[in-house]
Amino acid sequence: MVAGTGSTVLSIGLHPSAVDYSRYPGLDEATLTARIEAGEATLREAGFDIVTCQLPAAPDEAEAMVRAYEPATFQVAMIGAGVRMAAEHTLLFERLVNVLTETQPGIRFCFNTSPESTIDALRRWVRPTTVLPPGYGNSVDQSTA
């Protein structure tokens, strides 16, 4: 089901500095950062209007950062696998879903399994707004670093 055009996507994930890399052999902060940046570039080049929100692992801080977007309207929130798939982030995931349903009535959710699968997750729910030349797009980093 595709929600339509003219949609803005809020892409939410852990900031690379908040990830416990001991769980992911062969992955480090620099590699994950590069993969996230490449995935975001692919989304912008495909025409998605994306706002990036990289969060700390602390639920209170993360919720406050997401609430700061409240005046904006998002049609889709993509919550990354790093938030959803690690048991220690269950409370963080619940808080994000609850704050988004409270502040963004009617929002749809999609979920990736890696930075590279984000485009597939988005395409299930929203169409790109326009195709932009490489290097253009809307990305706001709410990083903790």
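How are α2 and α4 oriented to each other?

## Two helices in contact

In this predicted model, helix α2 spans residues 59-67 and helix α4 spans residues 90-103. Their axes come within 10 Å and cross at roughly 25 degrees. Angles under 35 degrees count as roughly parallel, and α2 and α4 are therefore roughly parallel to each other. The crossing of α2 and α4 is right-handed.

From α2, the residues in contact are P59, D60, A62, E63, V66 and R67. From α4, they are L91, L92, R95, L96, V99, L100, E102 and T103. Sorted by class, this contact of α2 with α4 has 8 nonpolar, 1 polar and 5 charged residues.

## A residue in strand β2

Strand β2 covers residues 49-55, and I50 is found in this strand. Is I50 buried or exposed? A residue counts as buried when its relative accessible area is under 20%. I50 has 0% relative accessibility, so I50 is buried.

I50 can also be placed relative to T8. In sequence, I50 and T8 are 42 residues apart. In space, the C-alpha atoms of I50 and T8 are 5.9 Å apart.

## Cysteines and disulfides

A disulfide is a covalent bond between the sulfur atoms of two cysteines. How many disulfides are counted in this model? With a cut-off of 2.5 Å between cysteine sulfur atoms, the count comes to 0 disulfides.

C53 has a relative accessible area of 0%, so C53 is buried. C110 has 2% relative accessibility and also counts as buried.

Terms used: Residues are numbered from 1 along each chain as its sequence is written. This is a predicted model: local features need pLDDT of at least 70, side-chain atom pairs count only at pLDDT 80 or more; totals for chains, interfaces and linings use all residues. Side-chain values use heavy atoms; hydrogens and water are left out. Axes are lines fitted to C-alpha atoms, for helices over the stretch in contact, and angles run from 0 to 180 degrees between N-to-C directions. Helices (H or I, at least four residues) and strands (E, at least two) are DSSP runs, numbered from the N terminus. Angles under 35 degrees count as roughly parallel, over 145 as roughly antiparallel, 65 to 115 as roughly perpendicular and the rest as oblique. A crossing is left-handed if the near helix is turned anticlockwise from the far one by less than a right angle, and right-handed if clockwise. Contact means heavy atoms within 4.5 Å. Ala, Val, Leu, Ile, Met, Phe, Trp, Tyr, Cys and Pro count as nonpolar, Asp, Glu, Lys and Arg as charged, and the others, Gly among them, as polar. Buried means under 20% relative accessible area, exposed over 50%, partly exposed in between (1.4 Å probe, protein chains only).
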